[in-house]
Amino acid sequence: MIERVQCDILILGSGGAGLFAAHHAYDRNPNLKIIVAAKGLIGKSGCTRMVQGGYNAVLHPDDSIDKHFKDTLKGGGLLCNQELAYTLVSDAPKRILELETKMGCFFDRNPNGTVHQKAFAGQSFDRTVHKGDLTGIEIINRLRDQLYSKESVISWDEVRGIDLLYNDDHSAVAGCLMLNLQTGKFIVVESLALIIGTGGGAGMFKIAAPSLEKAADGMAMAYRAGAEFVDMEMMQFHPTGLLAENSRLNGGVLEEGLRGAGGYLFNSLGERFMEKYDPVRMERSTRDQVARAAFMEIQAGRGTRLGGVQISVAHLGRKNVLKMFPGMVDRCKDVGRDLSIEPVDVSPTGHFHMGGVKIDKDCFTAIPGLFVAGEDAGGIHGSNRLGGNGVADSTVFGARAGDAAAEYVTAVKRQKVSERQVELFVNQTMKPFTLEKGENPFQLRKELGVLMWDKVGLVRNGADLKDAIAQLADYEERADRCSVSGVKQYNLAWHEVLNVKNMAQIGRMIAIAAYERTESRGSHYRQDCLFQDNENWYKNIFMTKGQDGPVTVTRDVQFTHVQPEQLFGETARSMVSVG
Amino acid sequence: LEGNAVAEVNLKVLRYIPDVDSEARYDSFTIDAKENMTVLDALFIILSEQDSSLSFRCSCRLGMCGSCGMIMNNKEGLACRTKLAKLGSEITVRPLRNLPIIKDLAVNMAPFFKQWKRIKPYFIPNEAAGNDFAVIPPESGSRGIIDRSIDCITCGACYSACTMVSLDDSYIGPAALNRAYTLVADERDQGTNQRMEIAAGEDGVLRCHTLFNCMEVCPKNIVPTWSIQKLKSKAVATALKGGGSE
């Protein structure tokens, strides 16, 4: 017998989005039965904890919402859903204040005792609130701790979502099939509303930054359930992932503040190569530009022995580096380097998916009962996300999802989940135990990483993408042929099968959208289309599940607040070379 | 180990499935260790190439989440930040102490978080102070040693290493008391009295025998003993004043 649990709101994920959703839903209505479930330990899994640099919010009188908004749109190549981006920048100051005054965070201060804000790339004002250079620990620790004061909120450690469950007439989401990693047992949760905030799948790239368990689970579940997606081709690579040959440390981000504070990037010839790519902003150019520049230097044979470039902050002074970036200094020690006195090898690293489920500003999706927040949602950041806008996104939209879901559940009736679906999904999930001598899921994941990196990564072209699309469909099938053995409790191989399947599905969506976008913009760069096409490509690519895989539809960007002319001037409607 | 040098490393890894095995055993694995490799890397090599039934917990792999606490050559630490080269060619890996095993190296953190919860780890804001950022100059010293104590990632290493916890698991333990200190020392927080009652109570700070085991193993270089001493001083001062608030 499968365990059955009923609740009002089920939240998948315990990062900034999931925990903020839980807090806000509870605050709105403490009588609701709320379950927060995470694939890892609550508050420990996911990437909010891994935030280093900080949180963009307008606090200073000389800064403005308008400036932050325009920075965000400009950074996003004007593809952003302007309603969502405006919501992000408008709510961010409220959430950072809530973090300090309600959750107990304490961010770094200026000498006069006011909140310090540091420099990040692509911003017209230094607005990044932070706690040293490991800001996420403070944010997520406090969000987790604060949940202990709300005892009715149920926390489930190491329980992952498998698939969303509809009601019998398929008109609304009625729950979720869950799998407890610790016991290896399924749980059917019947919920009135479901909030997905599990984070993206940048880990599908060979070199990647996210925590290891993240596998695009939320997006893949939403895709299979029929949700609409947007901007899937837009995958951010952070320019400065630490290179740690042979170790899983590889790809861990060295924070953007290093560049913000005046750090240099060198190729193996000792040249500050950003001079060639963005002579005005140099290393403080946006992530898309810097990451691609570094990648091209490496491709051109001007990389280091480890296949990277080097970041150097030694010229800022040893004492300053130790004071400003103790966490980064500590991390570089793990590869035997002293960041305060010498350069360190870095490479672009898979980091953040701008694309995701299409939502409105209260995180409603096209599926009744399904809310999505954080990295799983798309459209907020357009073609490139600014550093410091990520944790702002997850907290702002997590809070809104919690508020909206708490309202929503008071107006809907409880529905039975489709038993047919339960049976189907359970059988699918158990399949690896029925096979013998199938594929090794760890090997499959490795191969997937290489394919995504080589053909769907920083520099793309039509032929490679076409090839990748075909191969990725095959990966989904290969994932179905994986075999696992042993007990079901804490069976990591079994979970890796589920991970690879989810990542291959989302990877294929990325490749399809990337193939369709015949221009270069933001993080999406086509060597067979070396131009930003402002005549024809102020468009978003939307995607849903069809009979034989993803089906796309292209719609014009709605310039509801700002017109291209206001940001891009003369080039607002023309083809701009990006070669 | 430098560059592409390879060294053979033998790992003895504790294996145990509570429902199935009558007792725990050690399985031996040999891997080729390369530069920069950590215990976590070694476990992944074993899992993906030698024995897919091995269980362990990890997440961020950068020392930020505190998921991969374990005991390596008799010392607690994070697997993701413990270099093979530092441990030598014979390495024994076992789960944290004082916590029940779920399977192999993965432990149930419930006892740790039960104690954590007891000290009311959440912020209790002063509603009267208004809803704005508190103005606190860093040089004022008013936040005591909070900055050095606040980055606890609840990995459980100190809870495993603490002799007093091993002797009696009703002791609140180093991590939770450290968290209590960071709230008590926070001038914005209003929960000091309730929290001190627990911290100074029979399961609290007075049980610490200043053995510094916690400090020895903390991957974040926090010194819980120091926070505990601060709480002890406060408890004594409060008692001398005849109780009540400060």
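This is a predicted model: local features need pLDDT of at least 70, side-chain atom pairs count only at pLDDT 80 or more; totals for chains, interfaces and linings use all residues.
Figure 1. Seven salt bridges link chain A and chain B; each puts a side-chain nitrogen of Lys or Arg within 4 Å of a carboxyl oxygen of Asp or Glu. In one of them, the side chains of Asp330(A) and Arg81(B) meet at 2.9 Å, N to O. Residues are numbered from 1 along each chain as its sequence is written, chains are lettered from A and ligands numbered from 1 in the order in which they are written, and side-chain values use heavy atoms, with hydrogens and water left out.

**Figure 2. The face of chain A that touches chain B.** The contact (heavy atoms within 4.5 Å) takes 66 residues from chain A and 63 residues from chain B. About 5500 Å² is buried between the chains, 54% of it on carbon and sulfur atoms. Buried area is the accessible area (1.4 Å probe) that two parts lose on being put together, summed over both. Lys44(A), Tyr148(A) and Tyr490(A) supply 13% of the area that chain A buries against chain B, more than any other three residues.

**Figure 3. Chain B as a whole.** Chain B has 10 helices and seven strands. Helices (H or I, at least four residues) and strands (E, at least two) are DSSP runs, numbered from the N terminus. Its C-alpha trace spans about 60 × 40 × 30 Å along the principal axes. Of the 246 residues in chain B, 56% are buried. Buried means under 20% relative accessible area, exposed over 50%, partly exposed in between (1.4 Å probe, protein chains only). Among contacts in chain B with a separation of 6 or more, 64% are between residues 24 or more positions apart.

**Figure 4. Thr72(A) in helix α2.** Thr72(A) lies in helix α2 (residues 65-75) of chain A. Thr72(A) counts as buried because its relative accessibility is 2%. A polar atom of the Thr72(A) side chain lies 2.8 Å from the backbone oxygen of His68(A). The side chains of Thr72(A) and Asn389(A) make a polar contact of 3.1 Å.

**Figure 5. Helix α5 of chain A.** Seven of the eight residues of α5 (residues 217-224) of chain A are buried, so the helix is largely enclosed by the rest of the structure. The buried residues are Asp217(A), Gly218(A), Met219(A), Ala220(A), Met221(A), Ala222(A) and Tyr223(A). Gly226(A) follows α5(A) and has a positive phi, near 100°.

**Figure 6. Ala244(A) in a loop.** Ala244(A) sits in the loop between β11 (235-242) and α6 (257-260) of chain A. Ala244(A) is buried, with a relative accessible area of 0%. Leaving out residues up to four places away in sequence, Ala244(A) touches Leu249(A), Asn250(A), Val335(A) and, in chain B, Asn36(B).

Methods: A polar contact is a pair of N or O atoms within 3.5 Å; within protein, one must be able to donate a hydrogen and the other to accept it, and residues adjacent in sequence count only if both atoms are side-chain atoms.
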